[in-house]
Amino acid sequence: MLGPNHTIVSEFILIGFSRFPHLQSIFFVIFLLMYSFTLLGNLLIMLTIRSERSLHTPMYFFLCTLSISEIFYTFAIIPRMLTDLVSNHHTISFLGCANQMFFSFTFGFTHSFLLMVMGYDRYVAICHPLRYNVLMNSQGCAWLVASSWVGGMVMGLVVTLAIFHLTFCGPNKIHHFFCHVPPLVKLACGDISIVAMGVGMVCITALLGCFLLILLSYAFIVAAILRIPSAEGRRKAFSTCASHLTVVVVHYGFASVIYLKPKAPESLEGDTLMGITYTALTPFLSPIIFSLRNKELKNALKKVFFSSQCPLRLR
């Protein structure tokens with residue numbers, strides 16, 4: 001992927017949890033349970049949407065794609081983190097580190113773009129209900145999803161190439177549990193200010209751009225809901241957005257802590273713990289929020305899985 005002339009470092013050492021040696025076993029159990037639940041929750045959502053014909057709509061098509069991106073994102077980071085928690089061998093090759101950064105940024109930004117697409121879907125459904133089937137036809141939905149995946153890949157490629165074209169000629173200990181940008185930039189030689197600023201601006205611009213477009217969608221949505229005469233109608237309209245809005249708040253809330261918090265040399269260990277919120281906690285919460293806050297999905301989950309477990313009771 002990158003030529004040997006770019007660096008004399010052939011591998012890195014991940015020391016994100018080295019300051020908590022007595023807690024590593026506890027961390028392993030907690031993160032393993034969270035990761036297992038994340039995988040199970042997203043797989044259940046995907047299976048339910050596929051099995052229940054009433055959920056074959058654009059909103060749930062986007063939700064299914066969101067679950068896929070979440071599975072891939074956690075798979076790029078958490079299995080390696082769990083291995084390091086129970087192993088004394090914390091090294092990762094130069095190429096392996098680059099690949100991990102590429103896939104984590106690709107799926108992370110794909111997730112953000114899909115949340116933006118879901119916000120647009122809710123805007124069309126509530127503000128232009130008569131044109132919904134035309135604007136959100138199968139071709140248009142496929143194009144929106146494909147654009148989100150391509151956009152995520154472009155972001156992952158840009159960030160990874162920018163970071164791994166730097167020269168690494170000194171220490172190789174990464175103060176994090178995966179190959180993240182800030183601790184890697186600290187290890188680079190020479191003047192890295194332009195690259196660091198450029199990568200930071202690209203990431204912040206993409207995240208803020210998505211977030212502002214979601215806010216704009218919800219500004220129109222709120223205005224449309226307030227024009228609905230009945231309280232019951234307003235409640236039903238808002239309930240279709242509640243789960244998505246909650247996930248957006250959680251996703252961008254934790255992302256802002258990671259990307260907008262001022263970086264200080266002494267904060268690297270703290271950044272490791274803060275990174276857990278975005279890489280493990282947010283994916284863990286997402287299927288819970290969609291399952292509990294979305295009435296249609298919650299009823300479909302009960303119908304699909306309880307009917308298969310207790311068929312006689314439901315007859």
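Helices are DSSP runs of H or I with at least four residues, numbered from the N terminus. The structure described here is a predicted model, in which local features need pLDDT of at least 70 and side-chain atom pairs count only at pLDDT 80 or more, while totals for chains, interfaces and linings use all residues. Residues are numbered from 1 along each chain as its sequence is written, and side-chain values use heavy atoms, with hydrogens and water left out.

Two packed helices are described by the angle between their axes and the distance between the axes. Axes are lines fitted to C-alpha atoms, for helices over the stretch in contact, and angles run from 0 to 180 degrees between N-to-C directions. Helix α2 (residues 58-85) packs against helix α3 (residues 94-127) at an angle of about 160°, and the two axes are 9 Å apart. Helices α2 and α3 are therefore roughly antiparallel to each other, a term for angles over 145 degrees, whereas angles under 35 count as roughly parallel, 65 to 115 as roughly perpendicular and the rest as oblique. The residues of the contact of α2 with α3 comprise 15 nonpolar, 7 polar and 4 charged. In this division Ala, Val, Leu, Ile, Met, Phe, Trp, Tyr, Cys and Pro count as nonpolar, Asp, Glu, Lys and Arg as charged, and the others, Gly among them, as polar.

Helix α1 (residues 24-51) packs with α2 at an angle of about 160°, with axes 9 Å apart; α1 and α2 are therefore roughly antiparallel to each other. Their contact has 21 nonpolar, 5 polar and 2 charged residues. For α3 and helix α7 (residues 193-226), the angle is about 15° and the axes are 9 Å apart, which makes α3 roughly parallel to α7.

A pair of aromatic rings is described by the distance of the centres and the angle of the planes. The structure holds 23 aromatic pairs, counted where rings of Phe, Tyr and Trp (its six-membered ring) have centres within 6.5 Å. In the pair of Phe109 and Phe113, the ring centres are 6.3 Å apart and the planes lie at 40°, so the pair is tilted; planes under 30 degrees apart count as stacked, over 60 as edge-to-face and the rest as tilted. Phe109 and Phe113 are 4 residues apart in helix α3 and are therefore separated by about one helical turn.

Helix α5 (residues 138-164) has 27 residues and reaches 39 Å from its first C-alpha to its last, close to the 39 Å expected at 1.5 Å a residue. The expected span is 1.5 Å times one less than the number of residues.

Methods:
Helices (H or I, at least four residues) and strands (E, at least two) are DSSP runs, numbered from the N terminus.
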